[in-house]
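Work through the following exercises with the sequence and the 3D structure at hand, and try each task before you read its solution.

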Amino acid sequence: IRRPPRSTLSSSSAASDVYKRQLLLLPLISCDMSSTGVVAVVMSDDDVEYYSETEAEDELTETILELAQDYTKADFEDAKEYYSDDAKVFFNSTEVSGKDKIFEGWTYEHEVFSDITITDEYAHTNYFTDGRIWTNYWFTWSGTGNFTGERLVIKGHFDYEWKDGKIIQALGFFADEEFNKEYAAAMAAAE
């Protein structure tokens, strides 16, 4: 909030009243310190009503970290146990539905890229009193394009929704322009 000039406040009670009525409304923000810096969870007013706790060292958080490392090796056997059959994964606005399609896509990703690594990881799981469970995961994805030879380094974030011990939905957010260029080069080479 920008405060009106002092001269305005002292000479005008109306300006003072306007300033006093300005409110900064923020949703609940939870911060965790990790080796990679400060991580904040911002929730809507609806979530604040049901929010219970955040855990950074629980089983679900550890599972996501382990599955990410398995992904770098194109090892999806454990992940297949954790994703529901009808899971949905959103990569920005692109939706992939069904466990089989998800793993087909990730397998193909390892044909398009090599030397895939994940670093700068941080994850925690949010437990809501209404039973919802979400794991939030931040990371840096790196890979070398097998068609352009370009090395990509991309910051990313995924949110995983859990139900009955299975991932039913994952929401991925990352800058995908360079990633998509590599896919275009792979498709052009296949023609």
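**Exercise 1.** Which backbone oxygen lies 2.7 Å from a polar atom of the side chain of His110?

*Solution.* The model is predicted, so local features need pLDDT of at least 70 and side-chain atom pairs count only at pLDDT 80 or more, whereas totals for chains, interfaces and linings use all residues. Residues are numbered from 1 along each chain as its sequence is written, and side-chain values use heavy atoms, with hydrogens and water left out. Begin by finding His110 in helix H6, where a helix is a DSSP run of H or I with at least four residues, and a strand a run of E with at least two, numbered from the N terminus. The oxygen in question belongs to the backbone of Tyr71.

**Exercise 2.** Decide whether His110 is buried or exposed.

*Solution.* Buried means under 20% relative accessible area, exposed over 50%, and partly exposed in between (1.4 Å probe, protein chains only). His110 has 19% relative accessibility and therefore counts as buried. As a further step, look for residues in contact, that is, with heavy atoms within 4.5 Å: leaving out residues up to four places away in sequence, His110 touches Tyr71, Thr72, Lys73, Ala74, Phe76, Ile116 and Asn146.

**Exercise 3.** Describe the place and surroundings of Ser84.

*Solution.* Ser84 is found in strand E4, which covers residues 83–91. Its relative accessible area is 10%, so Ser84 is buried. Apart from neighbours within four places in sequence, Ser84 has contacts with Lys99, Lys166, Ile167 and Ile168.

Definitions and conventions: A polar contact is a pair of N or O atoms within 3.5 Å; within protein, one must be able to donate a hydrogen and the other to accept it, and residues adjacent in sequence count only if both atoms are side-chain atoms.
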